[in-house]
Protein chains: 2
Amino acid sequence: MGAPSQPASNVQNVPLDQRKQQILKAVVADYTRTGVPVGSASLAVHLATWSSATIRNELATLSEVGYLIQPHTSAGRVPSDLGYRYYVDFLMDEEDVPPAVRRQMDPFFAVMPTSVEDILEIAAAALAQAADAVSLVTAPKALGVRIKHLDLVRLNDGQALLILVLEGNLVRQHALNLGAPADQAVLSAIASGLNALAVGLDSTGLARLPESVGTHAQLERELVAQIIAFMTVCDAQQDTLILHDGVRNLLHHPEFGDVDLLHQVIEVVEEERMLAALISAADLDRGVQIMIGRESGMAELSRCSLVLTTYRAGAERRGTIGVLGSTRMAYAQVGPRVRYVAQRVGRAVGRALS
Amino acid sequence: MGAPSQPASNVQNVPLDQRKQQILKAVVADYTRTGVPVGSASLAVHLATWSSATIRNELATLSEVGYLIQPHTSAGRVPSDLGYRYYVDFLMDEEDVPPAVRRQMDPFFAVMPTSVEDILEIAAAALAQAADAVSLVTAPKALGVRIKHLDLVRLNDGQALLILVLEGNLVRQHALNLGAPADQAVLSAIASGLNALAVGLDSTGLARLPESVGTHAQLERELVAQIIAFMTVCDAQQDTLILHDGVRNLLHHPEFGDVDLLHQVIEVVEEERMLAALISAADLDRGVQIMIGRESGMAELSRCSLVLTTYRAGAERRGTIGVLGSTRMAYAQVGPRVRYVAQRVGRAVGRALS
DNA sequence: GCTTGGCACTCAACCCAGACGAGTGCTAAA
DNA sequence: TTTAGCACTCGTCTGGGTTGAGTGCCAAGC
């Protein structure tokens, strides 16, 4: 698969010689696989070139510079956040997504629904399974959401239901207040009038529409004002909408045997607001971004990592997709899988957009 | 508050004399509060009428008939599923929903959105908080879903987007295949034609519509067939849609310190399908139904209880709402809270229906 | 005949000490 | 610079002893 991600600029890496790199890589690989602190002896059988004593010396210096941690004096070594960072930036060989995993995802995408929301939900389920972690998906953010179609349905004397089809076939509904009773015929007339004018406009474009002069000019003005207000709310909401799936996947990872830790993480995931801030702050122009442990800046996630990327539907429309799991995560596998799902989602959303 | 629920007919209850009842009730109350097996001595201070020895004898017979369980020889007693059942059916005094709890829920319902889905989501959040458990909400099932409004939006040469506003302001969208290219004007014409005929009809009513004879009769027929098919799918989906919230609430209950148990329960909750079957099988004509432990018939939920009720929006439209928590649950509080939220949801959905 | 004080008994939970062993750091020799 | 050797550390496991909550049963009392 492709080259490893670029180094994160916020960490100053201590340069390592060839041998130290090889040892660090072996430690990460071993620990990721077993979950048990790895000692010099077990490394010596894999890296047969050097004796356990030599490796021991190297481990000591790797600990000194902060890439490894010793849970206690007589225990093996565990990668630190910094160690994972170095691994991810310089040592990791990304693995292709195995055909078996691709095939497992096919049923999810076979359904292929029209609405963007449904696609995202399916993607969340597929990614959660493929990465064996919690998946996170944001709605595609269009910098200015454009109207594709709108309709007005009479609810009662005082209210009408606005149905807004936005680009991407996102359907939004909202109740509008009518100043005075209006029957369905009037509403339909206004709707078709607006459809002629407003299609392709975003909320600011809508605000610049020429004042209406038709029979129902007064009502129309009021409604347009409310539509603009509602679209602004939609714009804001889009940023914070996060789907998630796969909390159950955390449970068979031994690091989450600690109920308190589990509690904190689930709280963060269910309270989508906090994640939204984190995700929108992520710098996603560089392919897959990996945030390891404390790098996320959230204390609750200090033992978790995020692997995020952007999916693109068309030129300017993009959303974020990724996973949240333990820092002890198979980064070499997860990155490509996130990227793979992002591609499929991008294509599916793009198709729904057409 | 109201009378306790009616006895479940599927359990044959051993009749208990006054004193045994009082003791059983005290055991349930104590255990619910503390989570620790309760012994004769601590009961004797509450029920000062009898000595610990007398209570000890009674506890022994309550264990014999299966209402209490002893975790081990030198431990106190814990209510069995049957014990909780007897308590719930005959002994429980339901508690009013405290003003503080009502007030805590107000912000949730203050928003009061138009769409049924949003209402349900909010209700799930409010109930999860009020009951300190996982909340479950199904969409209101209308025996035949009726069309309120429909619209067709051109997607591309081969497809149009159907927007269906159903009673309850449920908005559904679906892509329809056009036999031949049709521009938006044609689609709008068909849509307004159908709106004149189809409003108030359910899928079977739609099937009985007289054959169209207009200019676009051929296309219209094809579209109506697809609309009917889609509505049938909607009908089926409605049964299985379950919202949930509050998994985090399980985590601070000591019974879920066992990670395996937690795993099973979360799996069941995230895999909504299994719950759907259970909920639809529930007999909800009797107010609040309480399913205790193994009564649910699901091995994974053998240490959980469900408290479910129906919310009614209008005469024939109803959905299910309730909570899933540990068998050691404050049934006397949870029942009324579920009922309270059900009332508010019913009213809100009813309003959205208008 | 029911109630109750007394008492022997049980058993999980807790604590402590010792053995074990994985893994280290250091040193001295190759 | 590498490596074999060795003393040392420290978490984990094991087993025994103690504690205490709570029981069941019995015999005396109301």
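**Note on a predicted model with chains A and B and DNA strand D**

1. The crossing of H1(B) and H4(B) is left-handed, a crossing being left-handed if the near helix is turned anticlockwise from the far one by less than a right angle, and right-handed if clockwise. Helices here are DSSP runs (H or I) of at least four residues and strands are runs (E) of at least two, numbered from the N terminus. The model is predicted, so that local features need pLDDT of at least 70 and side-chain atom pairs count only at pLDDT 80 or more, while totals for chains, interfaces and linings use all residues. Residues are numbered from 1 along each chain as its sequence is written, and chains are lettered from A and ligands numbered from 1 in the order in which they are written.

2. Helix H1 (residues 18-34) and helix H4 (residues 81-91) of chain B pack at about 110°, with axes 10 Å apart; axes are lines fitted to C-alpha atoms, for helices over the stretch in contact, and angles run from 0 to 180 degrees between N-to-C directions. H1(B) and H4(B) are therefore roughly perpendicular, a term that covers 65 to 115 degrees.

3. On the H1(B) side, B:Gln21, B:Leu24, B:Lys25 and B:Val28 meet B:Gly83, B:Tyr84, B:Tyr86, B:Tyr87 and B:Leu91 of H4(B), contact being counted when C-beta atoms, placed from the backbone, lie within 7 Å. By class, this contact has six nonpolar, two polar and one charged residues, where Ala, Val, Leu, Ile, Met, Phe, Trp, Tyr, Cys and Pro count as nonpolar, Asp, Glu, Lys and Arg as charged, and the others, Gly among them, as polar.

4. Between the chains, the contact takes 28 residues from chain B and 28 residues from chain A. Elements giving two or more residues to the chain B side include strand E4 (147-154), strand E5 (159-166) and helix H10 (247-250), and the largest share, six residues, comes from H11(B).

5. A rotation of 180° with 0.1 Å of shift along its axis superposes chain B on chain A, with RMSD 0.1 Å, by least squares on the C-alpha atoms of residues with pLDDT of at least 70 in both. The two copies are thus related as by a two-fold rotation axis. Since 100% of the interface residues of chain B are also interface residues in chain A, the copies meet through the same surface.

6. Of the 20 residues around DNA strand D, A:Thr73, A:Ser74, B:Gly39, B:Ser40 and B:Ser74 come nearest, a residue being near if its C-beta atom, placed from the backbone, lies within 6 Å. H3(B) gives the most to this surface, with four residues.

How values were computed:
Parallel < 35°, antiparallel > 145°, perpendicular 65-115°, else oblique. Contact = placed C-beta atoms within 7 Å.
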